[in-house]
Amino acid sequence: MLAAYAAALSPADPLSGLVVDDRPAPEPRPGWSVVTLRTAGLNHHDVWSLRGVGLSADRLPMILGCDGAGVDEQGNEVIVHAVVPSEGWRGDETLDPRRTLLSELHDGTLAEQVIVPTANLVPKPAGLSWEAAACLSTAWLTAYRMLFTNSGVRPGGTVLVQGAGGGVATALIQLGSAAGYRMWATSRDEARAERALGIGAAAVFGSGERLPDRVDAVMETVGAATWSHSINSLRPGGSVVISGATSGDAPPKAELTKIFFKQLRVIGSTMGTREELRHLASFVVQQRIEPVIDSVLPLAEARQGFAKMVEGDVFGKVVFTMP
Ligand SMILES: NC(=O)c1ccc[n+]([C@@H]2O[C@H](COP(=O)([O-])OP(=O)(O)OC[C@H]3O[C@@H](n4cnc5c(N)ncnc54)[C@H](OP(=O)(O)O)[C@@H]3O)[C@@H](O)[C@H]2O)c1
């Protein structure tokens, strides 16, 4: 079957280890289900994997991809949940210290077929398109948990999203505005700022620009480049929810004094549970949200989508369709 996989790892040149070619189809396994994928989504996680972050050379070749939607062996339309807990784990999968994401230990979704624990299948609501379904499992699920589970902010509150164009950032803007939050965003790029206004942002500011007011919460995925701005933008008692560090995890200043003096809360957030994914899929359909998609490409052209993400030239999700 056709698959996009990591054949080598390179911190500096992630695309050098990417191969799009045939891989063996998955072998059936008790308790697991083979899903014939219709669509799959690209995440920054796939680029990190090619850089060797979270993926070691002894696990190669590894099919990449955390997001996917397709049809299981019984003919059910399903969305694949990417968090694979260790055997016997009960409760919130994201808190299992031995959990893995698809493509870290088990082959991922950028392929014609994937095999996952049957418990990782979530029904695809009938009103959800295949392209939209491919967006939800990682970036959208992470945004859902950051905002609705972890931020502590109620609808009506003001939330700043650092970055406007990314998969998580666009999901936050669309989810938050649909739920009645005042969503502000920052962007390095004027065109992306303009587009963010079109998907529900109430205001967009230049990266690092002083805001007209302090916010209740900041959603961080950029990391080092925006950390000080995030801390400075919060009202006393506000929270910063962090799920990524695209620009690096060593900010020039940790801002420890401001964090304790303003009694800020710093909350780490990763992915979401299967139940959160189920609720997210319902919410998207009920609110008639169309996840912003940057581009839809046949899997055979996956390299083009990876290159856009490496260059930071995306607005929304990159989705692959299967042959
Ligand atoms: N913990 C988790 O479970 C989880 C889940 C999903 C993603 N993540 C992480 O979250 C991050 C974003 O993921 P994604 O898939 O949304 O990636 P992406 O699509 O590549 O998004 C990049 C985002 O970062 C902004 N950005 C990048 N570099 C910047 C810089 N130097 N200064 C200011 N803004 C910058 C961009 O905004 P503009 O271009 O508009 O400025 C854009 O919004 C990644 O690091 C990913 O690994 C973590």
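**Pockets in the predicted model**

Helix H1 puts six residues into the lining of the largest pocket, the most that any element gives. The structure here is a predicted model, and the pocket in question holds about 1300 Å³ of space. Its lining runs to 49 residues, and those closest to the centre are His44, Trp48, Thr221, Gly244 and Thr246.

H1, spanning 44-51, is joined by several other elements that each supply at least two lining residues of the largest pocket. Seen by domain, the lining takes at least three residues from domain 1 (2-135 + 291-321) and at least three from domain 2 (139-268).

Next comes the second largest pocket, with a volume of about 420 Å³. A set of 23 residues lines this one, and Val84, Pro85, Ser86, Glu87 and Pro117 sit closest to its centre. Two elements give two or more residues to the lining of the second largest pocket: strand S7 (83-84) and helix H8 (274-286). Sorted by class, the lining of the second largest pocket comes out at eight nonpolar, eight polar and seven charged residues.

Note on methods:
Residues are numbered from 1 along each chain as its sequence is written. This is a predicted model: local features need pLDDT of at least 70, side-chain atom pairs count only at pLDDT 80 or more; totals for chains, interfaces and linings use all residues. Side-chain values use heavy atoms; hydrogens and water are left out. On a 1 Å grid over the protein atoms alone, a cavity is a set of points where a 1.4 Å probe fits but cannot get out, and a pocket is an open set with protein on both sides within 12 Å along at least five of seven lines; lining residues have an atom within 4 Å of a point. Grid points are joined across faces, edges and corners, and a volume is the space filled by probe spheres set on the points. Helices (H or I, at least four residues) and strands (E, at least two) are DSSP runs, numbered from the N terminus. Domain bounds come from an automatic or database domain assignment. Ala, Val, Leu, Ile, Met, Phe, Trp, Tyr, Cys and Pro count as nonpolar, Asp, Glu, Lys and Arg as charged, and the others, Gly among them, as polar.
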